[in-house]
Amino acid sequence: MITLYHVPGSRSTRSLWLLHELGIEFELVEMAFDLKVLRAPEYLAIHPLGRVPCLVDDGQTIFESGAIAQYLCEKYDDGRLGRGPSHPERYEWLQWIHYAETVAVHGASLVQQSVFIPEEQRSPIIQKLESRRLEKAVEVLDNHLKDRDYLLASGFSAADVNVGYSIYLGDQFLSFDAFPTAMQYYDRLRERPAFQASVPKKEG
Ligand SMILES: N[C@@H](CCC(=O)N[C@@H](CS)C(=O)NCC(=O)O)C(=O)O
């Protein structure tokens, strides 16, 4: 049995989205983004830093959303979402799975700057720098997607799941209107039922 430790809206959304895309059974342990919960000894015994995502499968624990994507595809994919070691697109698949974190770290920094750090301690310089670096990271996607609908020429894969979450995160802080190709791509991803089942419902 698979168990996913998840905080709504966080990077564990990637693993949840992928599990929905795979269509396999799993148990979801939903936690609040609350350090009392994430640093509780019971959770630290599962993830030593108290972060999400964390996945337990048949008694084996794995963290890091890139590693979880590789693991799930290698074990449970029927050829739609993963690109195995002998696949010609393997190198690109790996690259984009992990590029997702290059994009997300800037979004995560903006979360800290605009939500977690008290207002008087926020840094306009860091906010500006992280916003600029996020835009540059999305610009790379915008250029890459000019001649294709998904990151890989062969079509949708787990790489789109991981990168799609990073755009979802960044989109909450910045306008990406300057990158229409990346936005059309994001619109395509947002239409997927597995995405909609994985992100918090918008209120109102
Ligand atoms: N590189 C890791 C990042 C994991 C991570 O930092 N997750 C955040 C949520 S988006 C977290 O658990 N934060 C809680 C904390 O920093 O204490 C991954 O991709 O899984």
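A: Start with the kind of model. This one is predicted. Asp58 sits in the loop between strand E3 and strand E4 (60-63). Its phi is positive, about 50 degrees, although Asp58 is not a glycine. Most residues other than glycine have a negative phi, and most peptide bonds are trans. Asp58 counts as exposed, because its relative accessibility is 57% and the cut-off for exposed is over 50%.

Now move to Glu64. Glu64 lies in the loop between E4 and helix H4. Phi of Glu64 is also positive, near 85 degrees, and Glu64 is not a glycine. Glu64 is partly exposed, with a relative accessible area of 48%.

An N or O atom in the side chain of Glu64 is 2.7 Å from a nitrogen atom of the ligand. For Ser65, an N or O side-chain atom is 2.6 Å from an oxygen atom of the ligand. Arg39 has a polar side-chain atom 2.5 Å from a ligand oxygen atom.

Take Val52 next. Val52 is in the loop between helix H3 (41-44) and strand E3 (54-57). At 16% relative accessibility, Val52 falls under the 20% cut-off, so Val52 counts as buried. Leaving aside neighbours within four places in sequence, the contacts of Val52 include Tyr5, His6, Met31, Leu38 and Tyr43. Thr13 is 39 residues from Val52 in sequence, yet their C-alpha atoms are 9.2 Å apart in space. The peptide bond from Val52 to Pro53 is cis, with omega near 5 degrees. Pro53 is placed in the loop between H3 and E3.

Ser65 and Glu101 bring in two helices. Helix H4 (residues 65-76) packs with helix H5 (residues 90-116) at an angle of about 145 degrees, and their axes are 9 Å apart. On the H4 side, the contact is made by Ser65, Gly66, Ala69, Gln70, Cys73 and Glu74. On the H5 side, it is made by Arg90, Trp93, Leu94, Ile97, His98 and Glu101. By class, this contact of H4 with H5 has five nonpolar, four polar and three charged residues.

Note on methods:
Residues numbered from 1 in each chain as written. Predicted model: local features only at pLDDT ≥ 70, side-chain atom pairs only at ≥ 80, totals over all residues. Heavy atoms only, no water. Axes fitted to C-alpha atoms, helices over the stretch in contact; angles between N-to-C directions. Helix = DSSP H or I, 4+ residues; strand = E, 2+ residues; numbered from the N terminus. Contact = heavy atoms within 4.5 Å. Nonpolar A, V, L, I, M, F, W, Y, C, P; charged D, E, K, R; others polar. Buried < 20%, exposed > 50% of the residue type's maximum accessible area, 1.4 Å probe, protein only. Polar contact = N/O pair within 3.5 Å; in protein donor to acceptor, adjacent residues only side chain to side chain.
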